[in-house]
Amino acid sequence: MNRLVTPKQLTFIHNLLDQVGPETRQTAKAWLDANYTSQREQAYGHGNKLGDLLPRDKASEVIERLLAAKANKAHEEAEERAEQELNDSREMQAREAAEEERRMEHKLAQQAEAEAAELPRYISTDEYPDVPAGRYAVDNADGRLGFYHVQHGKRKWTGKVFVKHHVAGQEDQRMSAAAGRTILARIQADGPEAASARYGHELGHCGLCGRELTNEDSRARGIGPVCADKAGW
Ligand SMILES: [Zn+2]
């Protein structure tokens, strides 16, 4: 009995050969060739078509092998896909992490910039260490003579400097930190001793404590002797 593969089996085999992919198809064909077709070809001496050569009783074995190959291919593809997805997600995570880091760095840089641009609301005694608390006369931004009272904070304000604008006949007016810094810089530039003496000369009051200068020497110096000693002037 040399009955050949049925048309139904043959269709199934061809479909499977289409599905297993070129590599497996080649292997399968080589295997078929080695096991059946070439022998049959030799025996029958005709065409190499599977339908003409594959014995029916071996067709199910071929189908089994092809099904196994197909399952194997599907499994490999699934593994490949999974690996690819894993790589993709790792890549994405790395990209996101890098992006996050860039955002963070940018934010920190912006914060540092903003902090540098925005000076503190209060003037620290460290900013103008050479300007003692006292009263000073300097030319203000308009080029006119102005009188200023520099105070060092006490208790909870310790370490802070406050600058007030002194206008005759009025209460001293508290200046903003920015305006205060401008005046302190001016006092520092003129020299605190000179700026204080100028106050004393102009107003007849001690350039540090503000008391009226009654003594002729003091009036000439623009500062009382006790304050001059205290300041080391
Ligand atoms: Zn004084």
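A nonpolar core is a set of buried Ala, Val, Leu, Ile, Met, Phe, Trp, Tyr and Cys residues joined through C-beta atoms within 7 Å. Buried residues have 20 or more other C-beta atoms within 10 Å of their own, exposed ones 12 or fewer, and partly exposed ones fall in between, with C-beta atoms placed from the backbone. Welcome to a predicted model, in which local features need pLDDT of at least 70 and side-chain atom pairs count only at pLDDT 80 or more, while totals for chains, interfaces and linings use all residues. Residues are numbered from 1 along each chain as its sequence is written.

**The cores**
- The largest nonpolar core has 16 residues, and Y136, V138, Y148, V150, L184 and I187 touch the most other members.
- Two or more residues of this core come from each of strand 2 (134–139), strand 3 (145–152), strand 4 (160–166), helix 5 (177–190) and helix 6 (192–203); helices (H or I, at least four residues) and strands (E, at least two) are DSSP runs, numbered from the N terminus.
- Leaving aside residues up to four places away in sequence, V138 touches G146, Y148, I183, R186, I187, D190 and A195; contact here puts C-beta atoms, placed from the backbone, within 7 Å.
- A second, separate core holds ten residues, among them L54, A59, L66 and A69.

**Helix 4 and H75**
- H75 sits in helix 4 (residues 56–117).
- H75 counts as exposed because it has 10 C-beta neighbours inside 10 Å.
- From C-alpha to C-alpha, H75 and V161 are 78 Å apart in space and 86 residues apart in sequence.

**The loop with R155**
- R155 is in the loop between strand 3 and strand 4, and counts as exposed because it has 5 C-beta neighbours inside 10 Å.
- Although not a glycine, R155 has a positive phi of about 50 degrees.
- Most residues other than glycine have a negative phi.

Conventions. Contact = placed C-beta atoms within 7 Å.
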